[in-house]
Each structure stands twice: as C-alpha cells, then as structure tokens.
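Please keep the sequence and the structure in view while reading.

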Amino acid sequence: MYGSIELGGTKIRCAVFSEDGKIEEETRIETDKPYDNVKEIGKFFKTKEIKSLGVGAFGPLDTNKNSQTYGFVKNTPKKYWTNFDIRGELKKAVKVDLDFTSDVAASLIGEYYLGAGKKYRSALYITVGTGIGASYIQDGNILDGFGAPEMGHIKVDRIKGDKVKSVCQYHDDCLEGLASGPSIYNRTLCSGESLDISDQAFSYVATYLAQGLATYSYILRPEVIIMGGGVLNKEGMLDLVKTEFDRIKEFQINNYLDLPDTDYYIVLPDLGNEAGLYGGYLMAKNISEN
C-alpha cells in the first residue's frame with residue numbers, strides 16, 4: 001500500500017492507496033498549527049503498512065533539493081507555518097521514504113498520468129480556491145527551479161471600475177489577489193456558493209483568470225490547460241472563463257498564437273477533487289519502483 005497527503009491551506013487529506021491505485025482509507029484534518037497537524041497525520045498512518053508516501057503541500061515551498069531549506073514552507077501568509085520544515089517533520093512522523101512537491105503539482109501529476117492530461121506531452125494545471133496556484137509539466141518533468149513556481153502571483157490588469165481590495169497581502173493586482181475565492185466574498189460579502197453565476201463578481205474573476213491563461217499560453221505553450229479548485233466547481237464558471245479567453249484571443253492575442261479550440265484547450269480535471277491524492281499515490285509508487 002501507498003500513502004498520499006494533500007496538505008492544503010484549509011484542510012489536509014490523508015489517504016491509503018492499494019497497489020493498483022484504489023483509495024482504501026481516507027481522513028480529513030483541519031489545517032491548523034503545524035506540529036499539531038503533523039502529529040495527527042502520524043497517528044493516521046501509524047497503523048497503516050504503507051511502503052512510501054507522496055506529499056503535495058501549499059506554499060510557497062522550497063522544492064530545490066540542493067537548498068538548505070529544501071522541504072520548507074517559506075514566506076506564507078498562513079499563520080504559524082512560515083519557515084516550517086514540513087517535509088522533514090512528516091518524514092519523522094510517518095517513518096517512510098517520501099516524495100514532496102506543491103499541492104498543485106501533485107494534482108497535475110495525477111491528471112497528467114491518469115486524467116485530462118494523459119494524451120499530451122505538456123499540460124498546465126491551475127487551481128482556483130482559497131488561493132491560486134499553477135504547475136506545468138513537459139514530458140513527465142515538473143517545471144521547477146530554486147523553488148516551486150508561484151504562478152498565482154503574476155500581475156493582471158485591473159478592470160476599469162473594479163476597486164475591490166486585493167486579498168493578497170503582498171500584491172495589489174496579482175491574479176490570486178483579484179480572482180481567488182476570497183475575492184468573490186470581498187466584492188459581494190457572500191460566499192460564491194450562495195451567488196448566481198450571473199453575479200458580476202464571477203465576470204470579474206473570469207476576466208482575470210483568462211488574462212492569466214493568456215500569459216501562461218505565451219510563455220509555456222501547454223497543449224492543454226486543466227482548471228480545478230472550488231471556484232471552478234461553480235456551475236457555469238468554466239464557460240465564463242472560456243468566453244473571456246476567446247475574447248482575449250481575438251482582441252489581445254490577436255490570433256498571434258496558434259491555439260487549439262478553447263473547448264479542448266481549457267478543461268476541468270477528469271479526477272475532480274481527487275487529483276492531488278492520486279498524484280501523491282503516483283509519487284509514492286514511483287519511490288518504491290525506482
């Protein structure tokens with residue numbers, strides 16, 4: 001059996017997978033103080049005979065294996081977690097070999113091998129929820145440098161009349177600050193789930209997301225863009241993003257780029273909310289097989 005952890009900013013999911021990739025057992029833990037969470041995770045896996053563990057965690061993360069702080073959560077707004085050695089503490093708590101990446105990269109790994117990206121050499125996965133993160137894969141290799149990419153913090157152009165305060169404490173006009181789930185609440189004082197898709201807040205979010213996808217398309221040229229996260233679970237949200245992206249293609253990109261039809265280029269994850277857990281399973285399995 002193999003272990004998988006999806007360590008998000010609001011909740012942590014831990015799962016045990018069978019050899020052939022079926023979820024045998026799962027638990028959910030509210031993300032709180034790091035040492036308390038690690039203790040709970042260790043307790044869950046203590047009686048599970050797993051061979052190895054795959055972990056996807058929120059960031060910013062140090063994913064550079066040559067760095068002295070490899071495996072650390074870095075300058076995060078999440079209270080108590082800044083400069084926490086999540087990889088090291090999990091390894092001590094679970095006591096098996098583990099592989100470690102960002103939460104969005106883990107979701108991308110799941111989709112690339114088992115879901116919406118399996119027909120392609122390259123794919124981009126973007127998750128839109130409490131925050132925004134994205135990851136890119138080419139020929140099985142995750143894009144990485146001296147740390148996991150922070151694609152949610154690219155600059156976008158504010159829509160005229162949109163004076164909402166950014167929810168990012170570092171940037172006034174980044175994608176995460178203007179298009180994540182909390183930005184919808186800032187505009188409406190309501191949760192996205194309680195609003196109709198026709199609310200202007202969703203139009204703003206779709207426009208900013210389309211701007212981000214245009215930038216990623218220029219730089220990375222992915223063969224498919226997979227969009228997940230709570231905001232994209234809203235019925236009709238993906239269609240709004242596609243409509244805005246088509247508008248940008250026509251008027252901003254001006255057909256400069258040769259891009260696939262939007263219906264095939266921008267898609268939802270085949271694995272749904274399980275993509276990150278499946279990515280962790282594949283990472284753990286890879287440890288045992290290599």
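## An exposed loop residue

E193 is found in the loop that joins α5 (181–188) and α6. The model discussed here is predicted. E193 has a relative accessibility of 68%, and it counts as exposed because this value is over the 50% cut-off.

## A buried helix residue

A179 belongs to helix α4. Is A179 buried or exposed? With a relative accessible area of 0%, A179 is buried, because this value is under the 20% cut-off.

Which residues is A179 in contact with, once its neighbours within four places in sequence are left aside? They are V128, I132, V205, Y208 and L209.

## The nonpolar cores

The largest nonpolar core comprises 40 residues. Within this core, the residues with the most contacts are I126, L175, L209, L213, M227 and M237. At least two core residues come from each of β8 (122–128), β9 (132–138), α4 (175–179), α6 (200–220), β11 (225–228) and α7 (237–251). The greatest contribution is that of α6, which provides 12 residues.

Another core lies apart from the largest one and has 26 residues, including C14, I29, V73 and F84.

## Helix α7 and its surroundings

Helix α7 consists of 15 residues. From its first C-alpha to its last it reaches 21 Å, close to the 21 Å expected at 1.5 Å a residue. The buried residues of α7 are M237, L238, V241, K242, E244, F245, I248 and K249. Among the elements covering them are α6, β11, α8 (262–265) and β12 (266–267).

M237 illustrates this setting: beyond its neighbours within four places in sequence, M237 is in contact with I197, F202, V205, A206, L209, V231 and L232.

## The second largest pocket

The second largest pocket has a volume of about 480 Å³. Its lining is formed by 16 residues, and those nearest the centre of the pocket are D99, I109, G140, I142 and M283. Two or more lining residues are given by each of β7 (97–102), α3 (103–114), β10 (141–142) and α9 (275–289).

How many residues of this lining are nonpolar, polar and charged? The lining divides into 8 nonpolar, 5 polar and 3 charged residues.

Technical notes:
Residues are numbered from 1 along each chain as its sequence is written. This is a predicted model: local features need pLDDT of at least 70, side-chain atom pairs count only at pLDDT 80 or more; totals for chains, interfaces and linings use all residues. Side-chain values use heavy atoms; hydrogens and water are left out. A nonpolar core is a set of buried Ala, Val, Leu, Ile, Met, Phe, Trp, Tyr and Cys residues joined through side-chain atoms within 4.5 Å. Buried means under 20% relative accessible area, exposed over 50%, partly exposed in between (1.4 Å probe, protein chains only). Helices (H or I, at least four residues) and strands (E, at least two) are DSSP runs, numbered from the N terminus. Contact means heavy atoms within 4.5 Å. The expected span of a helix is 1.5 Å times one less than its number of residues. On a 1 Å grid over the protein atoms alone, a cavity is a set of points where a 1.4 Å probe fits but cannot get out, and a pocket is an open set with protein on both sides within 12 Å along at least five of seven lines; lining residues have an atom within 4 Å of a point. Grid points are joined across faces, edges and corners, and a volume is the space filled by probe spheres set on the points. Ala, Val, Leu, Ile, Met, Phe, Trp, Tyr, Cys and Pro count as nonpolar, Asp, Glu, Lys and Arg as charged, and the others, Gly among them, as polar.
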